Amino acid sequence: MNIIVCVKQVPSSNEVRLDPVRKTIIRDSSKAVANPFDVTAVEAAVQIREKHGGTVTALSMGIPATEKLLRDEIARGADKAVLLTDRVFAGADTLATSYTLAKAVNTLGGADLILCGKMATDGDTAQIGPELSAWLDVPCVTDVIEIKETDDRHIVCVRNTDAGTETVKVELPAVITVVKNLTIPRLPSIAGIRKSLDAEVRLVKAAELGADPSRIGLDGSPTQVIRTFPQEKKGEAVKIEADKAAAAVMELWEEL
Amino acid sequence: MYDLIQSADKIGAEYLRDESRSTGHAEYAVFAKNEEDVLNALRFANEKDLNVTVQGGRTGLAGAAVPYGGLILNLSQMDRITGMELQDGKYILYAQPGVVLLKLRKMIASRKLDTGLFDESSLGIYNRFFTDKEQFFPTDPTETSATVGGMAACNASGARSYRYGAMRRHVSSVRMFLMDGRCVNVKRGEAFANGLKASLPCTDGSSVDFTLPSYKMPEVKNASGYYAAPDMDLIDLLIGSDGTLGVIVELGLILDPLPEAVWGSACLFEREKDALSFVDKVRGEKNIASLEYFDKGALEILRQQKANGSAFASLPDVPKRIESIVYAELHCRDEEEALGSLLRIGEIAELAGGNEKDTWVARNQSDLDGLMFFRHAVPESVNMNIDKLRKTQPSLTKMGTDMSVPDDKLFDVMEMYRRDIEKTGVRSAIWGHIGNNHLHVNLLPSSTEEAGRVKEMFKEWAKSVTSMGGAVSAEHGVGKLKASFLEIMYGPEHIEEMRSLKRTFDPEWKLGCGNLFSKGEEEKA
Ligand SMILES: Cc1cc2nc3c(=O)[nH]c(=O)nc-3n(C[C@H](O)[C@H](O)[C@H](O)COP(=O)(O)OP(=O)(O)OC[C@H]3O[C@@H](n4cnc5c(N)ncnc54)[C@H](O)[C@@H]3O)c2cc1C
């Protein structure tokens, strides 16, 4: 089975540090990591390959430095990696990103299964998977918590819904998006890292995708971000001694 | 003046225990919030003629914070950062004793300090700290609810001490109240012994004059008894004094710049002897900050915990064929250097009989957190096991060793452990700081009869380890549980020297009673 996993580079923590004097956000680009949901998706793909054979390709659109993270995915078990990197991709919102990824999937000759993380920890939109499936005109299953079985033509998975869970069988090719604890991603081994050092990460530019220039990067992005700011944490935990719990809870109740 | 002093039966029974699971008794308890509360507590104890046991986070494993009658002086609420300094290019954080390690780490990593008590100069340093290279506090006794006061009192170490040394090296000043209310405020590099003669100045102009014990400390990782050496810096005596000389009320903590690349790698071996040979060969690798071991008993307990679901469900699976794991943490200038070290570690693992495929590597924080969780899950699981046993047999406690030996005795000591454990037939789990030949051998007796046999075995080990040039307690401190080992290690004459040193600090013998050694005559309890 030919599996493509979409991987995004995100900042390593959600905590934003503000310079106390200048009040600007301190960015530390050395601390970028692969979106944790995507790391789970790679592990899920590797497990499917271990059962059914085939190849796992990690695909990302990002700055050239993203190559390092893709190599890390190879160390974790992916067979190949492709990085879409070009200045004209810059400023893409989810629509332009999913369009670019869809073009890449087609350029790579298509896939039987495309896995995405449910969402990325920086933008939290959860839009890429569904949009990608729309561009490719294949079914999409979001919020997958378990992959039950796969064969050459189908995948059966369990997904979260507001009401509970749902077991779905879909025809391949399909896009599925996975939750973070679908499975526990394995750590890379030294052998895997050695292999990843020599592996080729294919770099692809916009021209190679045959993409419509008005649909990629900033030009292809209808979304406009007006302002960003760190969320302020409010409130503090109250410690209650066990033997005084009842009285303390009543007191809190009154206060509220 | 004494309104903070409560009757001991008003506070939770947990304050009569520490993580050694042994239990004591007390009449009164104080949760001090500031220095004045500490002084009042000491005054009260003197008036009422009470023993005083100082407590931090009660995470100690040698019963040192378990009260021995009298007054519990708990410092966990004295937990603020009081200032900052820059000395020789290093940041110093001044901390009250109750600051817990977890909070300290979070504050340093996020650079969010509570600056309420800072003066102008500290605030200036803080501003610089904020935009400077990331810093960290290297001492890491795994249990993050330990307090810095407790860590200094028992000279805690932990995994990274392989590279950074124990707590002692990272303390620049100690402010301590003596039992009579006098205060010593020592900065590193300011007060030295003259040979074994020493005089420690107090802030009121008086001094404590004493003679240091004359033993030669073993050249291994060591937290057994008072630190003593000719011409030593006297701050080193206060660190590691196990709550017996005075109450630490403030510490200067030295921060280090965080290395650019912190990577972890666990090498899995099918045979213990391969793991030992790996350790022996890998010691030459210069970027290793910690070298930790987990044996088959420890891995089996983890497997069980994991199978039971619980908080450990997310632990990685260790294949059944694996008998030992050696974890190495790399602290490097940059990723390139780290990669070089990592690949060499892989080669050494293969030379020792391992396989590069049987390794787990963490190259980012979330993977490292996973490996840390794994490391901490081992002692935690064993403790949970003991708690379960104690429900039916309350007299059982965890039985673990804390002994270290010189490098060339690693194979010998392991052979001795294996041979003797097999003879007792008691279930065991071995883990710990193998880089320093410092393994915690833990036994899980299922009856008091088995526990008795284990006790005898530990005594024999204390003798053998001493004759190998090792230490009976390498990091947990002697506390109450290992006092008899200290006597084996140093002999009665040197114990007497320690006693007379203590008497100069605490003539009425009130502080930390039962820790390190008995009073000699009949001790009140
Ligand atoms: C799961 C687990 C793993 C551990 N791993 C390690 C390890 O790897 N390395 C290691 O070194 N330790 C380890 N420990 C032991 C423990 O965390 C340390 O010994 C710790 O330093 C004790 O700190 P505490 O605040 O809990 O002190 P407590 O247990 O409260 O007290 C310890 C001693 O210090 C004295 N004391 C405390 N505060 C003061 C003060 N302000 N002034 C004077 N005396 C004081 C007490 O009187 C007592 O003698 C581990 C513990 C656990 C539970």
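## A cis peptide bond in chain A

Pro173(A) is placed in the loop between strand E11 (164-171) and strand E12 (174-178) of chain A; helices (H or I, at least four residues) and strands (E, at least two) are DSSP runs, numbered from the N terminus. The peptide bond that leads from Leu172(A) to Pro173(A) is cis, and its omega is near -5 degrees.

## Basis of the model

This is a predicted model, in which local features need pLDDT of at least 70 and side-chain atom pairs count only at pLDDT 80 or more, while totals for chains, interfaces and linings use all residues. Residues are numbered from 1 along each chain as its sequence is written, chains are lettered from A and ligands numbered from 1 in the order in which they are written, and side-chain values use heavy atoms, with hydrogens and water left out.

## Residues with positive phi

Most residues other than glycine have a negative phi, and most peptide bonds are trans. Asp137(A), which is not a glycine, has a positive phi near 60 degrees. Asp137(A) belongs to the loop between helix H4 (128-136) and strand E9 (140-150) of chain A. With a relative accessible area of 70%, Asp137(A) is exposed; buried means under 20% relative accessible area, exposed over 50%, and partly exposed in between (1.4 Å probe, protein chains only).

In chain B, Arg21(B) also carries a positive phi, of about 70 degrees, although it is not a glycine. The loop that holds Arg21(B) runs between strand E1 (6-7) and strand E2 (28-31) of chain B. Arg21(B) counts as buried because its relative accessibility is 13%. A salt bridge (a side-chain nitrogen of Lys or Arg within 4 Å of a carboxyl oxygen of Asp or Glu) links Arg21(B) to Glu19(B), with the closest N and O atoms 2.4 Å apart. Glu19(B), at 26% relative accessibility, is partly exposed.

## The interface between chains A and B

Contact, defined as heavy atoms within 4.5 Å, involves 23 residues of chain A and 28 residues of chain B. Between them the two chains bury about 2,100 Å², of which 55% is on carbon and sulfur atoms; buried area is the accessible area (1.4 Å probe) that two parts lose on being put together, summed over both.

Five salt bridges are counted between chain A and chain B. Glu356(B) and Arg194(A) form a salt bridge through their side chains, at 2.7 Å from N to O. On the side of chain A that touches chain B, strand E3 (17-18), helix H2 (66-75) and helix H5 (190-198) each supply at least two residues. H5(A) gives the most to this side, with five residues. The residues of this side comprise twelve nonpolar, one polar and ten charged; Ala, Val, Leu, Ile, Met, Phe, Trp, Tyr, Cys and Pro count as nonpolar, Asp, Glu, Lys and Arg as charged, and the others, Gly among them, as polar.

## Further salt bridges

Over all chains, the structure holds 51 salt bridges. In one of them, Asp180(B) is paired with Arg182(B), the closest N and O atoms being 3.0 Å apart. Asp180(B) is partly exposed, at a relative accessible area of 47%.

Another salt bridge joins the side chains of Glu496(B) and Arg499(B) at 2.8 Å from N to O. These residues are separated by about one helical turn because they are three residues apart in helix H13 (residues 483-505) of chain B. Glu496(B) is partly exposed at 38% relative accessibility, whereas Arg499(B) is buried at 9%. Elsewhere, salt bridges with shared partners connect Asp72(A), Arg76(A), Arg363(B) and Asp367(B) in one network.

## Surroundings of Thr82(B)

Thr82(B) is part of strand E5 (residues 81-87) of chain B. With 19% relative accessibility, Thr82(B) counts as buried. Apart from neighbours within four places in sequence, Thr82(B) is in contact with Tyr94(B), Ala95(B), Gln96(B), Leu117(B), Phe118(B) and Glu250(B). The side chains of Thr82(B) and Glu250(B) make a polar contact at 3.0 Å; a polar contact is a pair of N or O atoms within 3.5 Å, where within protein one must be able to donate a hydrogen and the other to accept it, and residues adjacent in sequence count only if both atoms are side-chain atoms.

## The ligand

Val54(B), Gly56(B), Gly57(B), Thr59(B) and Thr147(B) come nearest of the 37 residues around the ligand, where a residue is near a molecule or strand if one of its heavy atoms lies within 4 Å of it. A backbone N or O atom of Val54(B) is 2.6 Å from an oxygen atom of the ligand. For Gly57(B), a backbone N or O atom lies 2.7 Å from a ligand oxygen atom. A polar backbone atom of Ala64(B) is 3.5 Å from an oxygen atom of the ligand.
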